[in-house]
Amino acid sequence: MTNEIMEVVESNIFGVWFLIGTALVFWMQAGFAMVEAGFTRAKNSGNIIMKNLMDFCIGTVMFILIGFSLLLGEDFMGFIGKPGFDIFTSYADFDFSNFVFNLVFCATTATIVSGAMAERTKFLSYCIYSGVISALIYPIEAHWVWGGGWLSQIGFHDFAGSACIHMVGGVCALIGAKILGPRIGKFSKDKQGNITKVNAFPGHNIPIGALGVFILWLGWYGFNGAAATTVEELGSIFVTTTIAPAIATVVCMVFTWVKFGKPDVSMCLNASLAGLVAITASCDVTDGFGAIVIGFVAGLLVVFGVWLLDEKLRIDDPVGAVAVHMMNGIWGTIAVGLFATDTAPAFARGYGDGVNFGANQIVGKGLFYGGGFKLLGIQLFGTASIIAFTAVAITITFLAIRAAIGLRASEEEEILGLDITEHGLPSAYSGFSLMDVSNTMTMDINENTDLGAPDYETASQVKRDAAVKVVSMPVQTTGIYKVVIIAKLSRYDKLRRAMNDLGVTGMTVTQVMGCGIQKGAGERYRGAELDATLLPKVKVEVVVSKIPVENVVEAAKKVLYTGHIGDGKIFVYDVAKVVKIRTGEEDREALQDVE
């Protein structure tokens, strides 16, 4: 009787822990949001927060409608669960805990993709493909492993999702980033179009990114440990989940210190996540030594992955999602076949058939622990199968979206930032004067992007207009015009010389405070008008008649252009119209006086 009571108590305790672990996994959404926002530029922070919010919310809708039943419904030919609506028709008998547990994992898969495609994806397009991942891609391949599907039946082991979640999210991220193309300015090209340089886009808030990593690490104890059913299993999982990321981070720190001369902060943050991803599949069946080796490889693999994408594949991944999740998801899944050991507490459950033991089944020990190649072969085959399905499904999804509504934001929208263009949010940091380093060594106050084309002659018209805006350019360019040029203080000398070369002999120069928001007024938050940040500028006023005003404007744009938003703004006034308005008469002498 005592043993029966203890079994009931222990079952209830671990039932509660299962839900606590679920809450920890949900909290990882905040971690992903902080990492992505911190590792990208300030002008897109609101968009990134919105995407990570909608991952979970859209995912919940899709999971209710179809995802949950495809994942855990009655198995159909080992491929999918049969669709059903028990949440509506049989709520009293509904599997509440499993629903919410699998839902938070589903949201994690979708949010991985966000980082690799950050800063240039249409928000509507993002919502659509996030919904497809939650409704179809994740539930189907996860059913193969955790829902009694064909992979679980042959003995494939992925305890908490190195393959089903991280590798799948990473594959989607890789393909999405490739189809999208790099951010403007990421790669410098020569006149023949060959890439000559990879430009760094430093994250605007590394402390926020680091906070995200710590949140994720905390959440990972629930991610890996929620399904444990004994104290011994849970303790062992906590040990391996701690060792692997710690080793990965130390290895990455040493490697980057030796290779680059300084320990790389952002790369080490990526390494912590890489170690966590890599240990996720085998956290229940490996020991301390196995966790050390898995973490060691992960710390090197993440650096290699970032280099491979930048230098060889030329794929722009702003946060390192592919290196962290795809590459280490693959490594972690294969590592089960190398390091699974019968000394791990979870192994004592015995060999499963995949149906009775679900994600906890194991067909034998790993290669390095005397188990031969059987488990390793199964892991390799399962990994390749999941990658193939995911790659085909997500490619079709991305191409369909691109054909229907477009996948990438326009050049102008990307330059201005998705916060303002997609969400009407002028800044996610209202009240702060921001400085970005964008791929130059000079700081531009309140500039949130480098346009990637520092030479005026090679820059597109959109980039020229974004850097130096011209307001009220007249249709006829001969006559008497007043040209007002607002520029940075540092460009005044070049501007003065350019005007002299044109034949402009006089100008009025005033130091002014300029508005950091491109549009003159009208930006609002919750219905209230926003105050704009004021910045030091120089205002140059010239009046021309014999010199074509278009020449003045073009010369000014050329010398003010540095390849950054906010290089300047030009206003052109027809003096004759101004005098008419002010005097109410056409007086030629008055016009001459003005000149």
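Colleague: How many cavities of 30 Å³ or more does a search of the whole structure find?

Modeller: The search finds 2. Bear in mind that the model is predicted: local features need pLDDT of at least 70, side-chain atom pairs count only at pLDDT 80 or more, and totals for chains, interfaces and linings use all residues. Residues are numbered from 1 along each chain as its sequence is written, and side-chain values use heavy atoms, without hydrogens or water.

Colleague: What makes a space a cavity and not a pocket?

Modeller: On a 1 Å grid over the protein atoms alone, a cavity is a set of points where a 1.4 Å probe fits but cannot get out, while a pocket is an open set with protein on both sides within 12 Å along at least five of seven lines. The largest cavity holds about 140 Å³ of space, a volume being what probe spheres set on the points fill, with points joined across faces, edges and corners. Its lining has 13 residues, with F32, V35, V319, A321 and H325 closest to the centre; a lining residue has an atom within 4 Å of a point.

Colleague: Which elements each supply at least two residues of that lining?

Modeller: They are α1 (2-38), α4 (96-116), α10 and α12, where helices are DSSP runs of H or I with at least four residues, numbered from the N terminus. By class, the lining of the largest cavity has 7 nonpolar, 5 polar and 1 charged (Ala, Val, Leu, Ile, Met, Phe, Trp, Tyr, Cys and Pro are nonpolar, Asp, Glu, Lys and Arg charged, the others, Gly among them, polar).

Colleague: How do the axes of α7 (162-180) and α12 (321-339) cross, and what makes α7 oblique to α12?

Modeller: Those axes come within 8 Å and cross at roughly 140°. That makes α7 oblique to α12, because angles under 35 degrees count as roughly parallel, over 145 as roughly antiparallel, 65 to 115 as roughly perpendicular, and the rest as oblique. Axes are lines fitted to C-alpha atoms, for helices over the stretch in contact, and angles run from 0 to 180 degrees between N-to-C directions.

Colleague: Is the crossing of α7 and α12 left-handed or right-handed?

Modeller: Left-handed: the near helix is turned anticlockwise from the far one by less than a right angle, whereas clockwise would be right-handed.

Colleague: Why are α8 (206-225) and α10 called roughly parallel to each other?

Modeller: Their axes cross at roughly 10° and come within 10 Å. They are therefore roughly parallel. The residues that meet include W217 and W220 of α8 and L273 and L276 of α10, and by class the contact has 12 nonpolar, 3 polar and no charged.

Colleague: At what angle do the axes of α8 and α9 cross?

Modeller: Roughly 135°, with the axes coming within 10 Å. That makes α8 oblique to α9, and their crossing is right-handed. W217 and W220 of α8 take part in this contact too, as do F238 and P245 of α9.

Colleague: What is the volume of the second largest pocket?

Modeller: About 960 Å³. Its lining has 33 residues, with D264, S266, M267, V306 and D310 nearest the centre. The largest share, 8 residues, comes from α11, and the classes are 19 nonpolar, 5 polar and 9 charged.

Notes. Contact means heavy atoms within 4.5 Å.
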